[in-house]
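Please open the structure in your viewer and keep the selection tool handy. We will go from stop to stop, picking out a few residues each time.

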Amino acid sequence: KICRADFMHAFENDIKPAFGVSKDEFDSYIANGIIIWGSPVTEVLDEGNLRISQTIKSEMTPLVSILIEGPPNSGKTALAAHIALLSKFPYLKFCTAQTMLGYTEMSKCQQLKKIFEDAHKSTLSCVVVDELESFLEYAPVGPRYSNTVLQTLKLLFKRSPPKGRKLLIIATSAYRDILEQLGLAQSFSKIIHISNISTGEHVLHVLSEIEHSFSVEEMKHLKKSLANKQVWIGIKTLLDLIEVARQADDKYRVARFLASLEEVGGTV
Ligand code: ATP
Ligand code: MG
């Protein structure tokens, strides 16, 4: 016999909304979770939470937009997806240029327009636009970019939702200066900078959060080598290095890990 519980189970587990929230998709951008490796992460999350409440509560600003910018591999995409999920808004949408590969400028603009129109239909919406520069087809040689997409994004980022509706826009980019030159950075209510990991303590913190990375003995050695050291590495790159070290099972893996940390991040 089919009863209410079965329907509820299906709603929770099997039925994916045709538009709006697809939590699995968001989760896929946070494949390795969010490790709070230091105060820079807490600051970004605090700012995110602040902007979420501003979207919900403020009568004066039905449209709140934030730009998360930082170096390549610093965790921009994951943090944007994480903040969107934190909002728990009924309409969540993740836009990436990857799903628009091969689209003409026109169809890209139409797709973006559709996403924002759908967002305007829900009382509370959050739209993530990942890697702004890739929508613009920006190329440093030339330099060239799509002016059509640029103008469309500018308008969409400015358009307030209809009365009674709220919209939070979270965009990411590794090219803040270019967005500034194109006049797009100015569209945002707040620009949040994401930093690379810069101290040995931060690295040790990440290591301590990852199960079975190094043995107790190896960690002792790492603590000694990394204390008071300066590094410069994005969380994504660091997680890669840890994964490589984890695969290797020999006595040189600590030395190799430290060497590769130095190679990418210039440990001093
Ligand atoms: P790219 O420059 O290629 O766009 P990115 O800056 O967008 O890279 P992500 O793709 O977000 O980087 O990769 C970050 C990875 O690190 C994700 O797998 C995420 O789960 C993991 N991660 C762990 N802790 C954090 C954190 N504090 N902030 C961001 N990402 C984190
Ligand atoms: Mg990214």
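**Stop 1: around the ligand**

Start by selecting glycine 33 together with ligand 1: a polar backbone atom of this glycine sits 2.7 Å from an oxygen atom of the ligand. Keep in mind as you look that this is a predicted model.

Then pick serine 74, where a backbone N or O atom is 3.1 Å from an oxygen atom of the ligand.

Which residues come nearest to ligand 1? Select Gly33, Ile35, Lys76, Thr77 and Ala78, which come nearest of the 20 residues around the ligand.

**Stop 2: two backbone details**

Move along to glutamate 131, in the loop between strand 3 (124-130) and helix 6. Check its backbone torsions: phi of glutamate 131 is near 50°, a positive value in a residue that is not glycine.

Now go to proline 143, in the loop that runs between helix 6 (132-135) and helix 7 (147-158). Display the peptide bond between glycine 142 and proline 143: this bond is cis, with omega at about -20°.

**Stop 3**

Show the side chains in the contact: Val203, Val206 and Leu207 come from helix 9, while Ile235, Leu238, Leu239 and Ile242 come from helix 11. Colour them by class and you will find seven nonpolar residues, with no polar and no charged ones.

**Stop 4: helix 10 against helix 12**

Finish with helix 10 (residues 216-226) and helix 12 (residues 253-265), whose axes come within 10 Å and cross at roughly 30°. Angles under 35 degrees count as roughly parallel, so that is how helix 10 and helix 12 run relative to each other. Their crossing is right-handed.

On the helix 10 side, select Glu218, His221, Leu222, Ser225 and Leu226; on the helix 12 side, select Arg253, Val254, Phe257, Leu258 and Leu261. How do the residues of this contact divide by class? Six are nonpolar, two polar and two charged.

Conventions. Residues numbered from 1 in each chain as written. Chains lettered and ligands numbered in written order. Predicted model: local features only at pLDDT ≥ 70, side-chain atom pairs only at ≥ 80, totals over all residues. Heavy atoms only, no water. Contact = heavy atoms within 4.5 Å. Helix = DSSP H or I, 4+ residues; strand = E, 2+ residues; numbered from the N terminus. Nonpolar A, V, L, I, M, F, W, Y, C, P; charged D, E, K, R; others polar. Near = heavy atom within 4 Å. Polar contact = N/O pair within 3.5 Å; in protein donor to acceptor, adjacent residues only side chain to side chain. Axes fitted to C-alpha atoms, helices over the stretch in contact; angles between N-to-C directions. Parallel < 35°, antiparallel > 145°, perpendicular 65-115°, else oblique. Left-handed = near helix turned anticlockwise from the far one by under 90°.
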